[in-house]
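Student: Please give me a close look at one part of this model, the interface. Then carry on from there into the parts of the fold that can be described in the same terms.

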Number of protein chains: 2
Amino acid sequence: MPEKHLPSTSYVHGYSDRESERLADQAQTLANLLHDDTNFPRGSQVLEAGCGIGAQTVILARNSPGAHITSIDISADSLKRAEENVRKEGITNVMFRHGDIFSLPFEKEQFDHIFVCFVLEHLADPRGALEHLRPLLKKDGTITVIEGDHGSAFFYPENDDAGRAVQCLVDLQREAGGNALIGRELYPLVSSAGYRDVHVSPRIVYVDSSRPRLAEGFTKLTFTAMVEGVGPEVERQGLMTRDAWARGIAALYRTGEHDGVFCYTFFKATARK
Amino acid sequence: MPEKHLPSTSYVHGYSDRESERLADQAQTLANLLHDDTNFPRGSQVLEAGCGIGAQTVILARNSPGAHITSIDISADSLKRAEENVRKEGITNVMFRHGDIFSLPFEKEQFDHIFVCFVLEHLADPRGALEHLRPLLKKDGTITVIEGDHGSAFFYPENDDAGRAVQCLVDLQREAGGNALIGRELYPLVSSAGYRDVHVSPRIVYVDSSRPRLAEGFTKLTFTAMVEGVGPEVERQGLMTRDAWARGIAALYRTGEHDGVFCYTFFKATARK
């Protein structure tokens with residue numbers, strides 16, 4: 001799931017305190033679901049490859065307070081925001097460097113652990129990226145990869161236009177050279193890049209109305225808002241009629257209402273060099 | 001998931017010992033995933049509503065050896081097979097009775113717990129069934145409901161014909177008055193039938209080639225074989241061409257091969273009267 005689509009200040013802006021609280025609450029729920037079992041030891045050297053604006057960096061650094069984290073990103077702008085976000089949180093164990101995964105400014109066998117989260121989905125050659133990272137790991141070093149999978153989303157009430165709207169997002173991400181369905185593919189991907197002891201676990205986000213904060217924060221303000229974000233491009237390319245698109249988006253929001261249900265699965269892979 | 005489609009002797013027949021072992025192994029994995037947290041106390045009165053041929057009855061009775069289980073089914077034939085299956089396992093805490101959920105031969109408030117597994121998906125009025133069961137529970141008695149959801153299935157490599165083949169199964173089950181997507185709906189369904197403290201948890205079956213027994217037993221011999229089973233009806237109704245159907249089934253089997261991945265989500269609801 002692209003970081004830029006995760007709840008950010010642009011969504012929060014204009015919302016009430018209660019809604020901000022819901023967002024914070026669901027962000028914590030997701031952070032626990034995805035990151036709780038990633039705790040790198042004191043003194044270990046960790047590379048975060050593709051930190052974006054630092055949304056995951058903050059969680060990573062908090063869960064591994066004794067580790068020395070180096071976070072890189074290809075975008076200098078994102079990197080600047082990541083630095084600000086990390087500084088704002090009072091975190092001191094992260095160093096930032098500008099760099100491309102495919103030509104990294106590091107020596108071989110420099111890291112104990114590599115962490116890659118919501119990055120591979122945007123790359124035309126995700127396997128190549130994993131292959132480029134592997135030499136940077138020390139012997140027996142580990143890699144951790146987390147990705148979403150938009151094709152894993154299903155919901156109640158069902159709605160064909162909603163299904164098509166999600167498919168538009170998948171198609172547009174593919175057109176842009178990425179792969180919104182990469183989560184399901186992590187096991188063969190990481191294995192074929194030469195890593196061993198590959199272990200993949202699915203992390204399902206299940207939301208019904210007993211979990212109103214997740215319904216608000218995840219179903220509506222994360223997933224549906226993300227789909228909604230490609231509306232202008234869908235219209236420009238004529239992928240759906242304006243009416244069908246509006247019905248689809250409304251139906252997705254509907255799944256966050258009183259009797260709605262929403263499911264989405266993230267995948268987390270760990271492996272050794 | 002219909003019991004008749006779970007691995008039975010008809011699949012095992014003709015398979016090698018190693019394959020039988022795989023089936024037994026995956027059946028145990030699934031049993032753990034779905035049933036491990038259902039343990040009814042010694043002396044409690046439990047109703048299993050819709051036991052079919054007893055596949056779940058055996059697991060239920062083993063996990064709650066001190067409970068008095070009454071298992072009913074609308075089909076006398078199934079009931080007979082269930083009795084045989086339970087007797088064969090040496091289980092003695094199950095009593096069988098012939099009966100319809102909509103007109104059960106029991107007094108009010110007779111049971112401490114009710115258990116319903118892979119039944120609602122076949123009923124035209126699942127909410128009505130839950131409403132009919134509720135009076136049979138003692139005050140604060142619990143109901144446990146387990147259902148699959150065929151729309152939760154996704155896999156790698158992706159394949160459009162495979163997706164259409166799964167959709168045929170969903171369509172045919174709907175045509176027969178059932179609902180193969182009922183899993184996602186459990187929370188609103190159980191809530192609207194008047195139960196309280198409804199809690200639903202998803203149980204995802206994730207299969208990659210590090211789990212060859214699940215790939216064989218679940219991906220191929222449970223899920224794909226189940227889809228394959230409606231082939232003649234799909235052909236009769238002309239829902240897919242014979243070639244497209246064959247490609248879809250082959251693609252589903254393919255997801256159980258060396259670099260394939262398969263995901264399916266069951267849902268388990270618990271609630272109080």
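Tutor: Chain A and chain B bury about 2,300 Å² between them, 68% of it on carbon and sulfur atoms; buried area is the accessible area (1.4 Å probe) that two parts lose on being put together, summed over both. This is a predicted model, in which local features need pLDDT of at least 70 and side-chain atom pairs count only at pLDDT 80 or more, while totals for chains, interfaces and linings use all residues. Residues are numbered from 1 along each chain as its sequence is written, chains are lettered from A and ligands numbered from 1 in the order in which they are written, and side-chain values use heavy atoms, with hydrogens and water left out.

The contact (heavy atoms within 4.5 Å) takes 27 residues from chain A and 27 residues from chain B. A:F154, A:R184 and A:Y187 supply 28% of the area that chain A buries against chain B, more than any other three residues. Two salt bridges cross the interface of chain A and chain B, a salt bridge being a side-chain nitrogen of Lys or Arg within 4 Å of a carboxyl oxygen of Asp or Glu. One pairs the side chains of A:E158 and B:R184, at 3.9 Å from N to O.

The same surface serves both copies, with 100% of the contact residues of chain A recurring in chain B.

Next, the backbone. A cis peptide bond joins A:Y156 to A:P157, with omega near -5 degrees; A:P157 sits in the loop between β6 (154-156) and α6 of chain A. Helices (H or I, at least four residues) and strands (E, at least two) are DSSP runs, numbered from the N terminus. In chain B the bond between B:Y156 and B:P157 is cis, with omega about -5 degrees, and B:P157 lies in the loop between β6 (154-156) and α6 of chain B.

Axes are lines fitted to C-alpha atoms, for helices over the stretch in contact, and angles run from 0 to 180 degrees between N-to-C directions. In chain A, the axes of α6 (residues 160-175) and α8 (residues 212-228) come within 9 Å and cross at roughly 70 degrees. α6(A) and α8(A) are therefore roughly perpendicular to each other; angles of 65 to 115 degrees count as such, under 35 as roughly parallel, over 145 as roughly antiparallel and the rest as oblique. A:A165, A:V166 and A:L169 in α6(A) meet A:F223, A:M226 and A:V227 in α8(A).

In chain B, α6 (residues 160-175) packs against α10 (residues 242-254) at about 100 degrees, with the axes 7 Å apart. The contact residues include B:A165 and B:V166 of α6(B) and B:W245 and B:L252 of α10(B).

Last, a link in chain A: A:K273 forms a salt bridge with A:E109, the closest N and O atoms being 3.4 Å apart. A:K273 lies in the segment after β8 (261-272) and A:E109 in the loop between β3 (94-98) and β4 (111-117), so the pair ties together parts that are 164 residues apart in sequence. A:E109 is not a glycine, yet has a positive phi of about 50 degrees.
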